[in-house]
Amino acid sequence: MMRLRSVELELPQSDAAAGFLSGAWGLLDAGKRGKTTFLRGTGDHGYIISVTEAAVFGIASVTFSGSGEEVAGVAQRAKAAKVPHQPIQSFDEPGNGHGFVLEGLEGQIYRFIAETQPVAKLPDDLKRPIQLTHTVLNSTDREACVRFAEQVFGFRISDRTQAMSFLRCNRQHHAVAYVKSDICSLNHIAFEMPNLEAVMLGIGRMRDNGVPLVWGPGRHGPGNNVFGYFVAPFGGIIEYTSEVNLVDDDYPVGKPEDWTWPPGRSDQWGHSLKDMARAETAERQYRFRPAVIPA
Ligand SMILES: [Fe+2]
């Protein structure tokens with residue numbers, strides 16, 4: 001089964017970021033290799049986020065995992081579509097595996113890996129994320145990104161709103177979404193918590209640690225998941241989420257007119273509005289590196 005596996009970030013002062021992620025945020029240390037620190041959740045992925053020491057902020061890649069067959073299928077379609085990509089290779093990182101790197105239409109770097117050493121799942125813990133459940137990317141042409149994800153990745157569209165398009169790669173309503181923007185960058189990373197209680201406890205724990213909400217608590221329209229969004233101490237937006245809808249093949253693709261809110265609302269609960277002034281800077285902080293993959 002294809003799943004969103006991890007996001008790889010590059011940033012200055014990565015040790016402080018790793019300390020926050022393995023401290024208040026609730027992840028577990030998955031080891032360090034060179035300038036990179038890996039962190040895992042309680043799920044079965046060797047790691048779900050990595051932070052690499054660098055002079056400038058950047059998102060190195062978004063990584064999906066699947067079976068060898070699924071990864072080979074993406075590679076075949078990438079080749080047929082003449083998408084810039086690297087040959088299948090081994091990855092020496094927690095979880096290990098064989099896979100490849102490809103470049104999206106706006107310079108996004110995606111990796112597809114068949115993990116060969118998944119770790120044992122740990123018991124759910126209300127203080128700890130399980131895994132990533134989605135990541136959202138800003139995009140200058142989101143519908144082109146949707147077509148690319150459908151045709152090359154084999155993902156399926158779940159919903160479209162005025163600003164966003166949501167795609168899934170398994171029964172979870174979305175694994176990746178694209179937001180209409182003037183740049184291509186990381187919009188946010190969502191960490192799946194065991195339940196609503198864990199999301200709310202996490203919101204309190206962040207407040208205790210001087211990291212107030214930038215949006216939430218709330219319950220989204222598309223996906224129906226509960227959420228709390230924060231500007232991370234290392235920049236970028238991170239989300240605690242839970243209760244995302246599981247959908248089947250016959251899920252009707254929602255249109256923007258299906259997802260409208262009364263004035264002054266942007267979610268089902270109506271408890272808070274997104275602090276756009278604070279969020280917008282963070283949503284532009286992590287950009288992909290210039291293209292490095294030959295066609
Ligand atoms: Fe989200």
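1. Strands S15 (residues 226–231) and S16 pair in the antiparallel sense over six bridges. Pairing here requires that DSSP find at least two bridges between two strands. Strands (E, at least two residues) and helices (H or I, at least four) are DSSP runs, numbered from the N terminus. The hairpin of S15 and S16 has five residues between the strands. In this hairpin, Gly235 takes a positive phi near 80 degrees.

2. Some ground rules. The model is predicted: local features need pLDDT of at least 70, side-chain atom pairs count only at pLDDT 80 or more, and totals for chains, interfaces and linings use all residues. Numbering starts from 1 along each chain as its sequence is written.

3. How is S16 placed, enclosed or open? Strand S16 covers residues 237–242, and six of the six are buried, so the strand is largely enclosed by the rest of the structure. A residue counts as buried if 20 or more other C-beta atoms lie within 10 Å of its own, as exposed if 12 or fewer do, and as partly exposed in between; C-beta atoms are placed from the backbone. Ile237, Glu239 and Thr241 point one way from S16. Ile238, Tyr240 and Ser242 point the other way. Both sets are buried.

4. S16 also pairs with strand S13 (residues 185–192). Four bridges join S13 to S16, and the two run parallel. Strands of a sheet pair through backbone hydrogen bonds, either parallel or antiparallel.

5. Glu239 is buried, with 26 other C-beta atoms within 10 Å. Not counting residues up to four places away in sequence, Glu239 touches His188, Ile189, Ala190, Phe191, Phe227, Gly228 and Tyr229. Contact means C-beta atoms, placed from the backbone, within 7 Å. Glu239 and Arg207 are 32 residues apart in sequence and 14 Å apart in space, C-alpha to C-alpha.

6. Next, the sheet that holds S16. This open sheet of eight strands has the order S10-S11-S12-S9-S13-S16-S15-S14, with mixed pairing. Its edge strands are S10 (156–160) and S14 (213–219), each of which pairs on one side only. The twist averages 20 degrees from one strand to the next. Angles run from 0 to 180 degrees between N-to-C directions, and axes are lines fitted to C-alpha atoms, for helices over the stretch in contact. Helix H3 (residues 142–153) lies across S9 (131–139), S10, S11 (164–168) and S12 (176–180). H3 runs at about 160 degrees to S12.

7. Another open sheet has eight strands in the order S2-S3-S4-S1-S5-S8-S7-S6, also with mixed pairing. S2 (28–33) and S6 (89–90) are its edge strands, each pairing on one side only. Four bridges join S2 to S3 (residues 36–40), and these strands run antiparallel. Lys32 has Thr37 in S3 as its bridge partner.

8. Helices on that sheet. Helix H1 (residues 14–22) lies across S1 (3–11), S2, S3 and S4 (49–53), at about 160 degrees to S4. Helix H2 (residues 68–80) lies across S7 (98–103) and S8 (109–114), at about 145 degrees to S8.

9. Domains. The protein chain is divided into domain 1 (3–114) and domain 2 (131–283); these bounds come from an automatic or database domain assignment. Their centres, taken over C-alpha atoms, are separated by 20 Å. In the contact between them, 29 residues of domain 1 meet 28 residues of domain 2. On the domain 1 side, S1, H1, S5 (58–65) and H2 each supply at least two residues. S1 gives the most, with five residues. By class, that side has 18 nonpolar, eight polar and three charged residues. Nonpolar covers Ala, Val, Leu, Ile, Met, Phe, Trp, Tyr, Cys and Pro; charged covers Asp, Glu, Lys and Arg; the others, Gly among them, are polar.

10. Whole chain. The secondary structure comes to five helices and 16 strands. Of the 295 residues, 48% count as buried. Among contacts with a separation of 6 or more, 67% join residues 24 or more positions apart. Along the principal axes, the C-alpha atoms fill a box of roughly 50 × 45 × 35 Å.

Note on methods: Two residues are in contact if their C-beta atoms, placed from the backbone, lie within 7 Å.
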